[in-house]
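Please read the following walk through one protein chain alongside the sequence and the coordinates.

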Amino acid sequence: MNTEELQTTHLPRVEEEMRAFLTAVTTDEKLLESMLYSIKAGGKRIRPQLLLAVVAGFGKRLDTGVYQTAAALEMIHTYSLIHDDLPAMDDDPLRRGLPTNHVVYGEAIAILAGDGLLTEAFHLLSTAMLPASEKLLLIQLLAAKAGSSGMVAGQAADIQGENRKLSLAELAGIHRRKTGDLLTCALVAGGILAQQPAEVLEQLTQLAEHIGLAFQIRDDLLDVTSTTAELGKAAHKDAAAGKNTYPELLGLPRAKAALAEELAAAEQLIDVMTVQLPFSGELLREILQKFRL
């Protein structure tokens with residue numbers, strides 16, 4: 001499989017799982033409209049891509065249960081974006097080139113849309129077409145990586161770090177949780193779906209740490225070097241908000257070098273897995289190419 005097949009054949013199945021499930025279970029029309037607005041806004045779908053790439057890399061079939069797991073993960077990511085964009089958080093008027101959810105539907109409905117996506121992600125995963133033992137592991141993983149020891153903790157630390165100087169280690173710790181943990185969830189969930197043992201899940205965790213940091217460094221760089229039209233959201237917002245970023249702490253040249261180092265480390269780990277395991281990392285490599293500037 002290559003990224004073109006991933007985009008044209010498999011990601012549409014993930015999209016359909018999200019839309020169909022939310023439509024089936026939501027009983028309030030405005031709430032459903034708000035949730036689907038942010039789902040249909042699209043995005044790179046990096047987390048589903050990574051999950052599907054790991055499952056395919058181990059030679060396993062991409063079936064309904066796999067698509068449902070990827071859909072649940074993307075629903076969590078979408079909820080986090082709706083809440084991130086709120087005036088009390090990042091106060092962003094644009095997301096993916098469109099007005100943010102609260103701009104269109106008001107703050108109250110946007111908050112509830114995020115709540116709905118968060119809750120229904122676990123509902124979907126609990127009813128996925130998978131063995132009960134796998135579902136339990138996946139629910140535990142998603143809760144840990146999205147919750148108060150993972151993404152939400154990273155968001156809280158990010159807010160508390162505004163307008164004060166952080167060390168590079170402190171910044172990396174924030175982004176390991178805020179951004180990296182859902183990416184870790186994607187890779188490790190792929191390993192669980194491919195019935196891999198604990199030692200392989202640990203390798204996937206190590207790989208995800210490099211991918212997550214690369215993703216965040218790239219995002220920070222794009223905020224500095226791109227326009228609002230190119231990003232689909234407000235550019236140069238991090239500095240205005242007093243946020244700590246890799247370009248701000250390292251300067252542009254060193255931040256770009258750090259991105260290259262993390263990508264190289266990720267590719268080296270993929271090489272190791274390809275040698276040690278019955279694993280093809282070509283699709284993962286193709287996805288990582290999109291992380292380069």
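Leaving aside its neighbours within four places in sequence, with which residues is L51 in contact? The model is a predicted one, and in it L51 is in contact with V66, T69, A70 and L73, and also with A186, A189, G190 and L193. L51 belongs to the largest nonpolar core, where it is listed among the residues with the most contacts inside that core. In soluble globular proteins, nonpolar side chains tend to be buried together.

Helix α14 covers residues 252–276. Its end C-alpha atoms are 36 Å apart, which agrees with the 36 Å that 25 residues should span at 1.5 Å a residue. The buried residues of α14 are A255, A258, L259, E262, L263, A265, A266, E267, I270 and M273. Among the elements that cover these buried residues are α10, α13 (246–250) and α15 (282–289).

The next topic is empty space. Rolling a probe the size of a water molecule over the atoms shows where such space is left. The largest pocket has a volume of about 990 Å³. Its lining is made up of 40 residues, and L81, R95, F215, D219 and K233 are the ones that lie nearest its centre. Two or more lining residues come from each of α3 (46–57), α4 (64–84), α8 (151–160), α9 (168–193), α10 (198–225), α11 (228–231) and α12 (237–240). The largest share, 7 residues, is from α10. By class, the lining of this pocket has 21 charged, 10 nonpolar and 9 polar residues.

The second largest pocket holds about 150 Å³ of space. Helices α9 and α10 each give at least two residues to its lining, and the largest share, 6 residues, is from α9. Its lining consists of K145, A172, H175, R176, G180, D181, T184, T205, A208, E209, G212 and L213. These divide into 5 polar, 4 charged and 3 nonpolar residues.

S149 lies in the loop between α7 (132–146) and α8. Although S149 and D181 are 32 residues apart in sequence, their C-alpha atoms are 9.4 Å apart in space. Not counting residues up to four places away in sequence, S149 touches D181, R177 and A144.

Notes: Residues are numbered from 1 along each chain as its sequence is written. This is a predicted model: local features need pLDDT of at least 70, side-chain atom pairs count only at pLDDT 80 or more; totals for chains, interfaces and linings use all residues. Side-chain values use heavy atoms; hydrogens and water are left out. On a 1 Å grid over the protein atoms alone, a cavity is a set of points where a 1.4 Å probe fits but cannot get out, and a pocket is an open set with protein on both sides within 12 Å along at least five of seven lines; lining residues have an atom within 4 Å of a point. Grid points are joined across faces, edges and corners, and a volume is the space filled by probe spheres set on the points. Helices (H or I, at least four residues) and strands (E, at least two) are DSSP runs, numbered from the N terminus. Ala, Val, Leu, Ile, Met, Phe, Trp, Tyr, Cys and Pro count as nonpolar, Asp, Glu, Lys and Arg as charged, and the others, Gly among them, as polar. A nonpolar core is a set of buried Ala, Val, Leu, Ile, Met, Phe, Trp, Tyr and Cys residues joined through side-chain atoms within 4.5 Å. Buried means under 20% relative accessible area, exposed over 50%, partly exposed in between (1.4 Å probe, protein chains only). Contact means heavy atoms within 4.5 Å. The expected span of a helix is 1.5 Å times one less than its number of residues.
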